[in-house]
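Hi,

Here is the structure I said I'd pass on.

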Amino acid sequence: MQNYHEPIRHLKYLRQSLSQDNEAIGFFISAGCPLSVALPEDKWPLIPDVKNLTIHINDFFKGNDKYLLLLDVLKEAKKDIENIEDILSFLRSLLLVSKGGSVRGLTENELLDLERDICSEIVAKLDVELPDQETPYHRLCKWMGSIDRKVAVELFTTNYDLLMEQALEDSEVPYFDGFVGSRRSFFDLRAVEDALIPIHWSRLWKIHGSINWYQETEKDKEGRDVKKVYRSSEIKKDASHLIYPSHLKYEESRKMPYLALIDQLSRFVRKKSSLLILSGYSFNDGHLNDTIINALKANPTGMVLGLMFGTYELRDDKGELIKNKEGELVDRYPEAYRLANSRHNLNIWTYDKAIIGTNIGLWSDAKTDEDEPDIRNFIHRSDADSDGKFNTLIKLGDFSEFTSFLKKIIGSEKDGKDV
């Protein structure tokens with residue numbers, strides 16, 4: 001028997017939850033979000049997704065024999081050469097065992113050069129600006145700054161770009177990202193872990209680093225080499241950029257941002273009645289998934305809502321469902337569905353289906369509700385399929401659509417009712 005979820009009821013509940021000023025509300029901004037920024041067709045996307053960024057990097061280094069050797073080693077290890085994050089992670093794992101020598105035909109210095117050159121090209125590709133102040137990022141920031149909150153909004157992102165910073169500053173929304181100082185800002189672990197920050201400042205936690213973070217080796221009082229992380233106000237072309245889509249334990253890892261920010265994500269989800277909304281995230285990072293799920297297990301009052309781009313199953317360019325060799329429909333986000341099917345407080349919304357409270361169902365036809373025109377604007381109808389049937393669609397998995405939903409909330413009372 002087919003289950004259904006009533007869209008107006010759930011959209012109302014989401015609006016009410018987002019209208020609270022005294023609950024922990026957070027957003028997880030991931031790789032799919034820059035794709036929502038509208039641009040002329042010949043200039044879109046502003047920033048490529050991981051797959052297309054990898055295509056660019058592989059093409060850029062196709063004449064580099066050492067890079068090609070690295071890809072060959074990756075293939076032998078049955079690693080994914082079409083994911084730049086996997087490539088960087090594997091390269092760094094080789095670095096750990098290459099000290100003073102070589103591994104798989106690559107010396108330590110060659111690996112260091114490859115890491116620097118890859119990160120530099122990533123930085124060059126991601127060093128872009130939002131085209132205007134009407135983007136989805138700006139709509140999110142305007143919502144954040146719309147009311148005084150008793151609990152700060154927290155933004156988590158795995159993206160290395162500076163789009164979120166640009167939008168926050170354009171909108172004059174004060175924020176703290178873990179760094180303090182102005183000349184050469186340094187990471188303040190105590191301020192992060194002990195929450196020693198003004199409440200009216202939003203938080204921006206860049207879990208995988210940033211194109212304006214860099215690492216330097218300095219001497220301590222005893223003359224030993226220590227590595228420290230700094231943030232610059234401008235992109236440093238020849239710096240040791242700190243972007244780390246890997247889960248390796250770095251030297252002095254507790255003083256490095258990565259584990260501190262992963263801990264911050266866990267602490268946030270564990271807060272009483274917390275709500276974390278995921279946008280542009282495909283659940284392909286096992287370490288982040290574990291962090292979120294373990295925190296949800298420890299906090300039954302917490303809620304994570306994954307807003308997923310596209311339909312529940314994969315479709316072709318004509319909108320027809322895709323089947324595998326066994327004739328079965330192909331899930332678009334299988335790991336997200338697997339996790340949501342066993343966690344009552346992880347909900348997943350795709351365009352045509354949702355998993356809510358571990359129950360999967362289609363979005364039902366919207367019941368008449370003349371008092372909620374703003375809500376009804378976010379309930380769509382699909383084109384007719386081959387049988388002449390229509391589906392109800394909720395497209396908040398499109399970051400642009402979701403931030404338009406946030407824009408409609410601005411000016412509402414905290415109980416979620418329009419004024």
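E134 and K142 form a salt bridge (a side-chain nitrogen of Lys or Arg within 4 Å of a carboxyl oxygen of Asp or Glu), with their closest N and O atoms 3.8 Å apart. E134 is exposed at 51% relative accessibility, while K142 is partly exposed at 37%; buried means under 20% relative accessible area, exposed over 50%, and partly exposed in between, using a 1.4 Å probe and protein chains only.

Before you go further: this is a predicted model, where local features need pLDDT of at least 70 and side-chain atom pairs pLDDT 80 or more, while totals for chains, interfaces and linings use all residues. Residues are numbered from 1 along each chain as its sequence is written, and side-chain values use heavy atoms, leaving out hydrogens and water.

The salt bridge count comes to 17. Among them, R190 pairs with D194, the closest N and O atoms being 3.8 Å apart. R190 is exposed at 59% and D194 partly exposed at 47%. Shared partners also join D113, R116 and D117 into one network.

Now the helices (DSSP runs of H or I, at least four residues, numbered from the N terminus). The axes of α3 (residues 65-76) and α4 (residues 84-96) come within 11 Å and cross at roughly 95 degrees; the axes are lines fitted to C-alpha atoms over the stretch in contact, and angles run from 0 to 180 degrees between N-to-C directions. So α3 is roughly perpendicular to α4 (65 to 115 degrees).

Cheers

How values were computed: Helices (H or I, at least four residues) and strands (E, at least two) are DSSP runs, numbered from the N terminus. Angles under 35 degrees count as roughly parallel, over 145 as roughly antiparallel, 65 to 115 as roughly perpendicular and the rest as oblique.
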